[in-house]
Amino acid sequence: MKLRVTFAVLLAAIHCAVAAPFSTNGNRLTYLDSDDPFYPGRDFPKLITPQWIGEDGVDAVVILSIDDMRETAKYETFLRPILNRLKQIDGRAPVSIMVNTLVAASRESAANFPNQNAALSRDAATQLQSWLKEGVSLEVHTISHPCPLCQKGDFQFASTNYHACVDLLNTIPGNKPVAFRMPCCDSMNSTSPRFFAEIFNRTSPQGNFLGIDSSVMVVLTTNDTSLPRELVLDA
């Protein structure tokens, strides 16, 4: 009798697992079983963690980064006052540059992904090494910056575009990219579940991979009463 009851319970458990792949129980960590990046909503619990803003001794947290680099000269001109000021404050310049290509190439010519570092000039190579010594990190932003990445049903293009940039950034001596930011993530919510499931968590042709995603998603709704009305309603 005990064996029959146990077997019946097992069958019931299997049926529930097949019928409901995503748990609906009260465990607050069940969302971690999914690769859906859109799980946060207006009713999602706020993150409460030590050393966040509001804790004793923490006045603010600032992360400095800039996107879309294809050539170094303009970025050096723009960033130099910021880098120098950061070094005065902290002795280093912790700024992340999200890189596309490392040569002055148009988006059309950037279609030949494997050869993107062939024309890297001596000046550009020297600049990259100088930045790395100052504390700058060089991170991944895809080769040709498609918006959205997974467009036109061409999944192979999306995968190649991403992985080619990962491999490119790993060719820079002394650089180890760890982060990715999706092109246009802040303007059109271009981040997708399939990207994380089938591209981000795979290694590149050269065996490289990343460990952090810094993409941003913006969903403003009048149903979120915690948002100031002027952010979601105009005249």
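This note goes through the overall fold and then the salt bridges of a predicted model.

1. The chain holds seven helices and five strands, and from the N terminus on these elements follow the order α-β-α-β-α-β-α-β-α-α-β-α. Of the contacts between residues at least 6 apart in sequence, 71% join residues that are at least 24 apart.

2. Buried residues account for 33% of the 235 residues in the chain, while the accessible surface amounts to about 15,400 Å², with 56% of that area belonging to carbon and sulfur atoms.

3. The count of salt bridges comes to six, and one of them pairs R80 with E76, whose closest N and O atoms are 2.8 Å apart. Both residues sit in helix α2 (residues 72–90), four residues apart, or about one turn of the helix, and both R80 and E76 are buried.

4. A further salt bridge joins the side chains of E134 and K87, at 2.6 Å from N to O. Because E134 belongs to helix α3 (residues 122–134) and K87 to helix α2, this pair ties together parts that are 47 residues apart in sequence. E134 counts as buried, at 11% relative accessibility, whereas K87, at 30%, counts as partly exposed.

5. E198 and R194 also form a salt bridge, their closest N and O atoms being 2.9 Å apart; the two residues are four apart in helix α6 (residues 193–200) and so are separated by about one helical turn. E198 is partly exposed, with a relative accessible area of 33%, and R194 is likewise partly exposed, at 43% relative accessibility. Elsewhere, salt bridges that share partners join E76, R80, K87 and E134 into one network.

Methods
Residues are numbered from 1 along each chain as its sequence is written. This is a predicted model: local features need pLDDT of at least 70, side-chain atom pairs count only at pLDDT 80 or more; totals for chains, interfaces and linings use all residues. Side-chain values use heavy atoms; hydrogens and water are left out. Buried means under 20% relative accessible area, exposed over 50%, partly exposed in between (1.4 Å probe, protein chains only). Contact means heavy atoms within 4.5 Å. Accessible areas come from the Shrake-Rupley method with a 1.4 Å probe; for residues, only the protein chains shown count as cover. A salt bridge is a side-chain nitrogen of Lys or Arg within 4 Å of a carboxyl oxygen of Asp or Glu.
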